[in-house]
Amino acid sequence: MGTPHSAQFSQIDSIDLVLRTAREKFLVRPEKETRLWVKNSQGSFERLCNTRVTVLDAALKSGQLVVMETRSKDGTWPSAQPQAGNKASKEDEDFQGQPGICGLTNLGNTCFMNSALQCLSNVPQLTEYFLKNRYLEELNFCNPLGMKGEIAEAYADLVKQAWSGHHRSIVPQVFKTKVGHFASQFLGYQQHDSQELLSFLLDGLHEDLNRVKKKEYVELCDAAGRPDHEVAQEAWQNHKRRNDSVIVDTFHGLFKSTLVCPDCGNVSVTFDPFCYLSVPLPVSHKRVMEVFFVSMDPRRKPEQHRLVVPKKGKISDLCVALAKHTGVSPERMMVADVFSHRFYKIYQLEESLSSILDRDDIFIYEVSGRSAICENSREDVVLPIYLRERTPARDYNNSYYGLMLFGHPLLVSVPRDRLSWDSLYHILLYRLSRYVTRPSSDDEDDGDEKDMAAKDSIPKPGHVAGGSSQNPGPEQAGPSSGVAGGSRAPVNNSPGPSHWPQRARRKHLFTLQTVNSNGTSDRSNFNEDTHAQPYIAIDWEPEMKKRYYNEVEAEGYVKHDCVGYVLKKAPVRLRECIELFTTMETLEKENPWFCPSCKQHQLATKKLDLWKLPETLIIHLKRFSYTRFSREKLDTLVEFPIRDLDFSEFVKPQNESAPELYKYDLIAVSNHYGGLRDGHYTTFACNKDSGQWHYFDDNSVSPVTENQIESKAAYVLFYQRQDVARRAKPQPDLSDPPAPPACGQPPNSEFMDVN
């Protein structure tokens, strides 16, 4: 701290006069930036932020100590540097690099913030505005919609540090704290959207730098038949009467919105300002789903298929698509979601495909089809089958056995006239024959008279006759066993457990048990609806399972040829996205328009047109799709030009005498890699001084070539109007060395490949 000086001021003098006097007494050079602090009665220091107030308004008293602080050449304030960081700060001061080529440290899931800041930092006219301290004259400390100038000052500190050329990377901790203070959604260290932060930051900077100190009330007027140019000029002037800042000068444009009432035909034309374009991506109406097909033929392993179905289709569409690969009729298929060895859900054919998520394990089972109605037709019952293994569990008398589900469940068709435990046992033994070994005659239990007597004592209910106890075999297995077709009855018409015959007491490889839909309890323990869908569990003793059940074979499956096909998504051009944005649409039911003519809310048609384009155009690609049933990220490749993006065909009206007003060059891209739950943000940006493109990945920065910029990760695009770029570029003197190349034309050097 230097030698103190004394000075006298009137109470009506401004703080700005105090600052200028201090600069004169301490001989501070004009290019140096300074600020004032005042020592309060508690001994701590407070910032004198607003230099336009008087000494009286600032509550300064006679004899009070005022401290002037000078910004360091690396862009930092000495008071903001921790004591432990002084050594590192001196090392940074000795470092001299290209201004603007500076990384941002990831504070913990703050890559979204770093990406937005790097994009904004490489907007030339905005950065020059802060580097040349023009923002100091326009800080708005009294705007109730602003942040008391704190966001603008915090952003200015970041820009000055990044463009000082004395930092390889900086820690945006102060800025992060300020953002969290004024926008609670960004508190903490959760992952967020770079475009959402960008929207908040642009709005915050605008309000902090708004030249309008007191906003007047402006009534919005409809066109009412007046010429468009007159209404547009009035709308823009009204907007500027309340909003006038460097953000408006740089990023704001004007829409033309046309609404037409479907009932009375009333046309409403309004002109609204915008700060960025959120353009939709052409969404494919098809969806790729992976399923497993389980044939009725026990010799065939399950097949994995990759199917292309309508995105808004039904379960029946999934069956139709699979039928083209398998030759099995869709009427002979049932679709189920299998989770943790049980049926999470068995779908009906009319249900929507949107209820199936990409991560779900979908199995499609072949069942007996619906045959023609004739005298000999039979109805089949489709039974869900679970596999369980008995596992000994500790109990006080060691008599309790637990049951654990394993393997893949099955849907098996059983003829109604063969609904007996013994017949079901043989049908299931046949269905499992690929991975269950039949016992030899020596292994079979003796069918003594006692067992046979018990078997003959099975009651035979009226309409559910007990079937033959003989092993059906492939040649006489019947339609349910995968050899011939029968008829399939609705599952809810199948008999409940109370109508089932008693189980045979003869020892088999496994026993059968009716269970609940979770496969965890005996249905006989519950008072369930006897007409509910019966679930059957195949219970294995550990020794029998180890001896006769082949787990490797049971888990085996084959991939259909369609799985190997690579379904390439056709890239779309940015022009197509803009065309889609300006296409006429009908309002949704959740967002109707109140027609002033017929005095009712209507689902009007709406069309947006671009009327006035800004100096820097931000285009947000709407990659994240949210519906009532699904959420997804669109990883479609959008082809966008690096130079000469022409908007002339989208702007109404056109100024043919100034075509450069519609042509833009790319200056920055915010990228998002990953999916909905997790991801990473990075930035491509063109340095305004060197014209070189760089890749910013948090605190890592590396040069890249132009052909590396376009990728499926592109999320937010920054374009600068060509006439603005030429206006900002100084005219070189003939004696000066050649000027650096423009953005998109990097000099010859070694570049790192960014994948």
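Predicted model: local features only at pLDDT ≥ 70, side-chain atom pairs only at ≥ 80, totals over all residues.
Residues are numbered from 1 along each chain as its sequence is written, and side-chain values use heavy atoms, with hydrogens and water left out.

The protein chain has 16 helices and 34 strands. Helices (H or I, at least four residues) and strands (E, at least two) are DSSP runs, numbered from the N terminus. Of the 755 residues in the chain, 46% count as buried. Here buried means under 20% relative accessible area, exposed means over 50%, and partly exposed lies in between (1.4 Å probe, protein chains only). The accessible surface of the chain comes to about 39,600 Å², and 50% of it belongs to carbon and sulfur atoms. Such areas come from the Shrake-Rupley method with a 1.4 Å probe; for residues, only the protein chains shown count as cover. A contact means heavy atoms within 4.5 Å. Among contacts in the chain with a separation of 6 or more, 72% are between residues 24 or more positions apart.

Confidence is given as pLDDT, the predictor's confidence in each residue, from 0 to 100. The chain averages 81, and 80% of the residues score at least 70. Confidence is lowest in helix H12 (residues 449–456), with a mean of 36, and highest in strand E32 (residues 693–697), at 97. Over residues 83–88 the pLDDT is below 50, and beyond near neighbours in sequence this stretch has one contact in the model. Residues 525–530 also stay under 50, and for them the model has eight contacts beyond four places in sequence.

Next come the cavities. On a 1 Å grid over the protein atoms alone, a cavity is a set of points where a 1.4 Å probe fits but cannot get out, and lining residues have an atom within 4 Å of a point. Grid points are joined across faces, edges and corners, and a volume is the space filled by probe spheres set on the points. A search of the whole structure finds three cavities of 30 Å³ or more. Of the 17 residues that line the largest cavity, Val294, Pro302, Leu410, Arg434 and Tyr435 are the closest to its centre. Its lining divides into ten nonpolar, two polar and five charged residues. Ala, Val, Leu, Ile, Met, Phe, Trp, Tyr, Cys and Pro count as nonpolar, Asp, Glu, Lys and Arg as charged, and the others, Gly among them, as polar.

The second largest cavity has a volume of about 80 Å³. Its lining has eight nonpolar, three polar and no charged residues.

Some single residues remain. Most residues other than glycine have a negative phi. Asn109, in the loop between E4 and H3, has a positive phi of about 60° although it is not a glycine. Asn109 is partly exposed, with a relative accessible area of 39%. Asp94, found in helix H2 (residues 86–94), counts as exposed because its relative accessible area is 68%.

How values were computed:
1 Å grid on protein atoms, 1.4 Å probe; cavity = no way out; pocket = protein on both sides within 12 Å on 5 of 7 lines; lining within 4 Å.
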